[in-house]
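These are my notebook entries on a structure I went through today. I kept them in the order in which I looked things up.

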Amino acid sequence: MTEVRICHLYPDHMNIYGDRGNISVLTKRLQWRGYSSKVTNIGVGDKYVPGDFDLCYLGGGQDKDQNIIALDLAKKSSALASAVDDGVAFLWVCGGIQLAGKRYVDASGNELQGVGILDLETIAGTERLIGDIAIRSSVEDREFTVVGYENHIGQTYLGSDSRPLGKVLHGYGNNSYDQVEGAVQQRVIGTYLHGPLLPKNPDLADLILTWALEHRTSESVSLEKLEDDFAVLAHERAVVRAGLKR
Amino acid sequence: MYFVARLIGKTIAFLSPLLRRGGGTSAPGVALLRLHPKAFSKLSDSLDRGSVLISATNGKTTTTRFLSDILANAGVACVSNTSGANLKSGVATALLTKEQHHEMGVLEVDEAALPEIVEENRPRMLILMNLFRDQLDRYGELESIAKRWREMVLALHPNTKLLVNADDPVLATIGLQRPGTIFFGLGDASSYSRDKLQHASDSSNCPQCSAPLSYEHLTLSHMGDWRCESCSLARPQLDFAVSRIRLDGLNGSDFTINSESGLHEISSKMPGLHNVYNALAAFSAASDLGIDQEGIVSSISKTVAAFGRTEKISINDRELHILLAKNPAGANANIDTLLLQPGPLHLCVLLNDRIADGRDVSWIWDVDYERVLNKVETLHVGGERSYDLALRFLYGGFDKEKIEVADSIPKLLDSLISSTSENSKLFVLPSYTAMLDLRDELVKRNVTHAFWKDGK
Ligand SMILES: [Zn+2]
């Protein structure tokens, strides 16, 4: 049985938006299709060995925790970059997208170095971008909508090497101006969307699992469809909700 | 001008119970504060014996109820916002509608609204109970509320008595900033201790040096008998300590409070460890206010839960238990209580995403529903975010075929009744406004009373 190796980065510090829900979705959708998975928690001070994983997840945390994490991530950045080059699937959410970028400048002007696996930078704004959001996404040959909740003060600007995850249909997105959300570069996805992200977005979950399985097997993978009626209904309602002005 | 503003406010207060839901619990205060911004301080000053303010993420309504019952039984007439309207407008409404003979206020206050209200109310006593992760979209991170509370405590009037739950490391550290703080906590909860931190726990790091805390025993979320091995900060000495706890499922609990004056054995109708904390806070406050301790003990034994908190309602020969669950810590406390319940469970979870619930419902993924799922015989989910709940239970490992999603409260109740037999116990865990919706329907079906007729 093919076993997908998932790295959950800093689950003790970066977990405030129901992040473990994303991990449940990844492992359950593998299990339902007859694959197995192993989740390894990697925390502060632990070593990240690039060849050990097929998928790497990082969630959102409180500001003070994000500062602790940034210092530790700096020590792992070359290992992470080599995993990216090797085609490992990355999903970094909320605080994760900021830390995946080149730098984060907070409200008092302090600069935090990011890992640099996404070509973007984030500068703290003056208003929180907060609320339900829906985006139209196109990654490789797939098109789908992604729904979620955003809550960030950081204004994120993409460089030329990364593409947005999607165009904003309703909500804010990366910043107050560009009308785009998230970032994709190689097989790294960064996004502000939580809720958590994956339960209501099975298309995105399956894209990431396809990447992880392809990394694991070195073959092209096509996942069988699952019966997703709860997810489809929750997703449809979320699109409507994001479109409501309230 | 103040007189006119107060008169208009009172008129609205008189009219609004007639306007159905809301029961006029906030509108008069909104009008008053708009007409006269200083009215809040003036109203506060009109209470001869001042106010006790109670704030927490969880338990403020119940603690307020315990304490106002104790004072009332001791002959101290109190005004209280028993309906749970705890923003500035709600507190102002309570003060506005106080009666002539009321000498003291016992008021629950929203965590975010607390610093401003403390400044204007200048309470005689302030009780800080706990801070848990809650409604990140509204309150922001726990850390930001804690920071505002820290500043508030440093600026407290010297005459204000401060009572703090020593089991909450962040709050205890805030309380230690000020001389004379009274600390309460669970002295010995070893029989109900957890072996590891719950997933949703915050503040498991030392508030002083950020090293991980170690615990002699863990009660709810990050609360317990904590210490930091690295800088030696530890839970302060308890002025009021609970021991010999015995929880009896939904029926209540027995425990002993140890204070300077001796041991006090308490038997309460309120279930769960979280209510032991609430009763302890009320006991400590009332003792410090000089109320006779035997009277306190007997009053606590009589207090029953406020609407929707832990409410039992009979419907079609079934027992419907409503256990409000509006954040991970509260929901986990309810799950602890359900685990003490014998036999298979009929569980129903309701989730809305209005402002009072929090627009961001990610928190349901931080609740440890998995712990109880193997006891669940029927599962209903409902509310505006019913499909988010369906996904939560599906990915939590519950059998998909057994997840009943209801699109309306009436249909949900019908389905709950038709899928269970007579004398069944049905357990509903609703978010705040989902609880109000459910109660509306129950009032319509004539099985309970409207919430603003609750209590006094
Ligand atoms: Zn320390």
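I looked up A:Gly173 and found it in the loop between strand E9 (166-170) and strand E10 (180-181) of chain A. Helices (H or I, at least four residues) and strands (E, at least two) are DSSP runs, numbered from the N terminus. A:Gly173 is buried, with a relative accessible area of 0%. Buried means under 20% relative accessible area, exposed over 50%, and partly exposed in between (1.4 Å probe, protein chains only). I then took the C-alpha distance from A:Gly173 to A:Thr191, which lies 18 residues away along the chain, and got 8.8 Å.

A note on the model and its conventions. The model is predicted, and local features need pLDDT of at least 70, side-chain atom pairs count only at pLDDT 80 or more, and totals for chains, interfaces and linings use all residues. Residues are numbered from 1 along each chain as its sequence is written, chains are lettered from A and ligands numbered from 1 in the order in which they are written, and side-chain values use heavy atoms, with hydrogens and water left out.

**Backbone of chain A**

I checked the peptide bond between A:Gly195 and A:Pro196 and found it cis, with omega about -10°. A:Pro196 sits in the loop between strand E12 (188-191) and helix H4 (202-217) of chain A.

In helix H4 of chain A I also looked at A:Leu213. A:Leu213 has a relative accessible area of 0% and is buried. From A:Leu213 to A:Lys225 I count twelve residues in sequence and 15 Å in space, C-alpha to C-alpha.

A:Tyr10 belongs to the loop between strand E1 (3-9) and helix H1 (19-31) of chain A, and at a relative accessible area of 1% A:Tyr10 is buried.

I noted three domains in chain B: domain 1 (1-37), domain 2 (47-302) and domain 3 (309-453). These bounds come from an automatic or database domain assignment. The centres of domain 1 and domain 3 of chain B, taken over C-alpha atoms, are 34 Å apart.

B:Arg6 is in helix H1 (residues 2-15) of chain B and is partly exposed at 30% relative accessibility.

I placed B:Asn423 in the loop between helix H15 (409-418) and strand E17 (425-430) of chain B. Is B:Asn423 buried or exposed? B:Asn423 is exposed, with a relative accessible area of 66%.

**Zinc site**

Which residues are the protein donors of the zinc ion? I listed B:Cys206, B:Cys209, B:Cys228 and B:Cys231, each through SG, lying 2.3 Å from the ion. Donors are N, O and S atoms within 2.8 Å of the metal (3.2 Å for Na, K and Ca); water is not among the atoms, so sites may look incomplete. The four donor atoms subtend angles of 101 to 116° around the zinc ion, so the arrangement is tetrahedral. For four donors that term requires all angles to lie between 85 and 135 degrees.

The spacing of the donor residues in sequence is C-x2-C-x18-C-x2-C. B:Cys209 is in the loop between strand E6 (182-186) and strand E7 (214-218) of chain B and B:Cys228 in the loop between strand E8 (224-227) and strand E9 (240-248), so the pair ties together parts that are 19 residues apart in sequence. B:Cys209 is partly exposed at a relative accessible area of 32%, and B:Cys228 is buried at 2%.

The loop between E8 and E9 of chain B also holds B:Gln237, which is exposed at 71% relative accessibility. B:Gln237 and B:Ala406 are 169 residues apart in sequence, and I noted 50 Å between their C-alpha atoms.

Definitions and conventions:
Tetrahedral: all angles 85-135°; square planar, octahedral: opposite > 155°, others 65-115°.
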